[in-house]
Amino acid sequence: MDDDRRFCVKCGCMLPPEASFCPECGTNISGGSAHTHVTRTSARSLDSITTWMLFYGVIAILFGAYMVYCAFNAEELLTIAEDMFEEMYDEPFDLGVTADDLRTTYLFMAVMFMISGVCALISWNFVRTRANYKLASITCLIAAIAAIPLIFTTVFGLIIWLKIRDNQGAFDY
């Protein structure tokens, strides 16, 4: 295998030795930048995580919107839950939570997931275009931290952040 092959940092296309621009997407690769020596595997690795980032960003925003809906219907949801427990135990049941407590919790989760989703979509755009490693990394990390109410979403975000970090050479700084 030829180690002197070069690949475009934007689209992963193999570049001819004398190329100043990518024949596939037109990216300027002149100037002998070390970033043009990114492997096709690295470019594809980032392409595969962009799908997950887009999916997560949209789902997080939708989940946040659902939490807003729940916040506005906290009294009804609390009544339904108490009725369900009463049917299970055949006696009156008090969850020990007020509608205001429930509303506050739902609104907190709504804000956190909407922040997480928006940051994930911003990071997705930077990763997709290979435009700015630092902003892609920072917004991905913020998305992961904002998703802390559900630990598996935070773990997912940190795994994506590590993949971005491992492929930082594929970005135009």
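**A cavity and its neighbours**

Guide: Searching the whole structure turns up one cavity of 30 Å³ or more. This is a predicted model, where local features need pLDDT of at least 70 and side-chain atom pairs count only at pLDDT 80 or more, while totals for chains, interfaces and linings use all residues. Residues are numbered from 1 along each chain as its sequence is written, and side-chain values use heavy atoms, with hydrogens and water left out.

Visitor: What makes something a cavity?
Guide: On a 1 Å grid over the protein atoms alone, it is a set of points where a 1.4 Å probe fits but cannot get out. The volume is the space filled by probe spheres set on the points, which are joined across faces, edges and corners. For the largest cavity that gives about 100 Å³.

Visitor: Which residues lie nearest the centre of the largest cavity?
Guide: Tyr 56, Ala 120, Cys 140, Ala 143 and Gly 157, out of 13 lining residues; a lining residue has an atom within 4 Å of a point. Two or more lining residues come from each of helices H1 (40–72), H3 (99–129), H4 (133–146) and H5 (151–166). Helices here are DSSP runs (H or I, at least four residues), numbered from the N terminus. H5 gives the most, four residues.

Visitor: Why is Ser 137 called buried?
Guide: Buried means under 20% relative accessible area (1.4 Å probe, protein chains only). Ser 137 has 9%, so it counts as buried. Ser 137 is found in H4, where Tyr 133, Ala 136 and Cys 140 are among the other buried residues.

Visitor: What makes the pairing of Ser 137 with Trp 161 a polar contact?
Guide: The rule asks for a pair of N or O atoms within 3.5 Å, and within protein one must be able to donate a hydrogen and the other to accept it; residues adjacent in sequence count only if both atoms are side-chain atoms. The side chains of Ser 137 and Trp 161 make such a contact at 2.8 Å.

Visitor: What caps the N-terminal end of H4?
Guide: Asn 132 does, with a side-chain oxygen 3.1 Å from the backbone nitrogen of Lys 134.

Key:
1 Å grid on protein atoms, 1.4 Å probe; cavity = no way out; pocket = protein on both sides within 12 Å on 5 of 7 lines; lining within 4 Å. Buried < 20%, exposed > 50% of the residue type's maximum accessible area, 1.4 Å probe, protein only.
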